[in-house]
Amino acid sequence: MEFSNSCSSFSSSSLDSTKPSPSESSVNLSLSLTFPSTSPQREARQDWPPIKSRLRDTLKGRRLLRRRDDTSLFVKVYMEGVPIGRKLDLCAFSGYESLLENLSHMFDTPIICGKRDRKHHVLTYEDKDGDWMMVGDIPWDMFLETVRRLKITRPERY
Amino acid sequence: MNYFPDEVVEHVFDFVTSHKDRNAISLVCKSWYKIERYSRQKVFIGNCYATNPERLLRRFPCLKSLTLKGKPHFADFNLVPHEWGGFVQPWIEALARSRVGLEELRLKRMVVTDESLELLSRSFVNFKSLVLVSCEGFTTDGLASIAANCRHLRDLDLQENEIDDHRGQWLSCFPDTCTTLVTLNFACLEGETNLVALERLVARSPNLKSLKLNRAVPLDALARLMSCAPQMVDLGVGSYENDPDSESYLKLQAAIKKCTSLRSLSGFLEAAPHCLSAFHPICHNLTSLNLSYAAEIHGSHLIKLIQHCKKLQRLWILDSIGDKGLEVVASTCKELQELRVFPSDLVGGGNTAVTEEGLVAISAGCPKLHSILYFCQQMTNAALVTVAKNCPNFIRFRLCILEPNKPDHVTSQPLDEGFGAIVKACKNLRRLSLSGLLTDQVFLYIGMYANQLEMLSIAFAGDTDKGMLYVLNGCKKMKKLEIRDSPFGDTALLADVSKYETMRSLWMSSCEVTLSGCKRLAEKAPWLNVEIINETDNNRMEENGHEGRQKVDKLYLYRTVVGTRMDAPPFVWIL
């Protein structure tokens, strides 16, 4: 089966970063790959995919700034009174519930969010400003942006 | 109708507004032609080089609204050099000289200068509405003239233009007496905005219904603007960075709640993830949502927002929403009519993408869907067949598989059968864009079934000239045909020259068309402008011994009643 004049080497599944061969039948100097690629990523063409310049520029800018997909966010977790802490990837959890579940499992005791009292271990966190705060007040994603480390408080003693 | 006086006939014509219908009316008889031309107020010119200002004014002396389009569509994708043409200056000059009562000007893909804008602003006392889409060549100084001189300005709508931002005070050029604004869209401006001037302007514009801000308008300013314009219907949020100052955020939330008329939301040009929840309270009213520039927002946040938008009719989004996200759209947005899914990763190989599954889910869940633009990583014939069965009402179907020539990823077959099913089922299809591995067969189907097709975009498709011939012979209503990187040549180009008289334009780039073929075409059809765009040295084409057989880089031809244009740059050769 014949393939049409093609940039068939222009394939997202190819692993090497060699330039696609120009199509055999036309001299496309305007499409010449004039963007030397300093990164191992494949070069992006300026005319494919067919999107407007504004979107193209937005996405290019984003590529420079964004973290890698599936970021991990490892934070230290301490149980109050225990000198050796643990480390936990917060991105592995979908929200507060799964976080608490996991922590409870990790430290082998039920842990909750909320007011300190005599019975429960309450989860707190240190935020960007260095303040210690109650876990659970702000939306999960906002929490991920600001949390630096976690501390599980012991039930209050009087 | 012969027995009615002209005024009565004219009154009847007033009810006929579409351009197509009015054009048809004017062909009935001389008397109707005459009545129609004096009563036509809105004129649409799809190709500014098909006619000229003099002819326009001679025929429609009473025109109030003019729409002009310049560069061919592929100019959007960097395929047409900037200096190609499409200048609005001669049009404005002619209109100004003729003292026609111009009130509205809509331009797409044209070159607009500050001089043009200045002239426009000074020449028409009742000028009300300026809409510029994908234009270039002007600066904020031009905007300042419009602001300062158009006393009754109602709409200033700048969509995706290339504007040189002089960080000027153009917003403060609106006089204090200007209170008539209904639409203000400056989202495409890159520079700083005078926030004080903006707030004052919005505060004194009680009729303002559509406001689209640029990047430079921060969150707290947005809150203030929304507070003084609760009548807003269409809002383009500028920069939406997460402001740790919770007071700003609270004020914004309060302001948003008051905007009960809000139906359309866009922008979020620089957005932090969890900002969208502030808009949840008004989501149930939204009919249009454009998040296609919100590259920073993760799929999960998009999904959370969309779950509240049960009345959505139009959704533009990035593929970071994923197939799962599209399934949520399918189950939530039962009123959806138009969907556009844009790529968020240009280099490819990304995992945050959509596949044929998302498309199938949408087709199954949204019975009112009639327009789709879908960028995806992969497709199958089976999926397209299912989509065709689910949605026989498509008017616009544009599919872009990111990797050129990619076959059905399950069967490795070309996607001929899938697209064939689409054109067969969708009897009202007017616009189609193809992608993936395609042979001549798909064009056979298109020629056979796509009876209403007016615009067709082809890239990296087909095997022989037969493909293009199927389309030219079969699609009776074809208006705009644009082809790139496909093996169609002189045989197809020259087979039926009279066909091009029924079409607005034909674009062919990186195809097999030769210089001698184009020359022959130009000879046979003097009523066509046959343009060769060659950014390399044009002279080389002549000097080369193989002159005739040399392939043409870019060919653009269009019917015209005014012959060769005089404003072509050196690299455009009009045969």
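1. Let's start with B:K368, which is partly exposed at a relative accessible area of 42%; the label covers values between buried (under 20%) and exposed (over 50%), using a 1.4 Å probe and protein chains only. Its salt-bridge partner is B:E335, with the closest N and O atoms 2.8 Å apart. B:E335 also counts as partly exposed, at 30% relative accessibility.

2. A word on the ground rules: this is a predicted model, where local features need pLDDT of at least 70, side-chain atom pairs count only at pLDDT 80 or more, and totals for chains, interfaces and linings use all residues. Residues are numbered from 1 along each chain as its sequence is written, chains are lettered from A and ligands numbered from 1 in the order in which they are written, and side-chain values use heavy atoms, leaving out hydrogens and water.

3. Across all chains, the search turns up 26 salt bridges, a salt bridge being a side-chain nitrogen of Lys or Arg within 4 Å of a carboxyl oxygen of Asp or Glu.

4. In chain B, have a look at B:R40 and B:E36, a salt bridge with its closest N and O atoms 2.8 Å apart. B:R40 is buried at 3% relative accessibility, and B:E36 is buried at 0%.

5. Over in chain A, A:R148 forms a salt bridge with A:E126, closest N and O atoms 3.9 Å apart. A:R148 is partly exposed at 44%, whereas A:E126 is buried at 10%.
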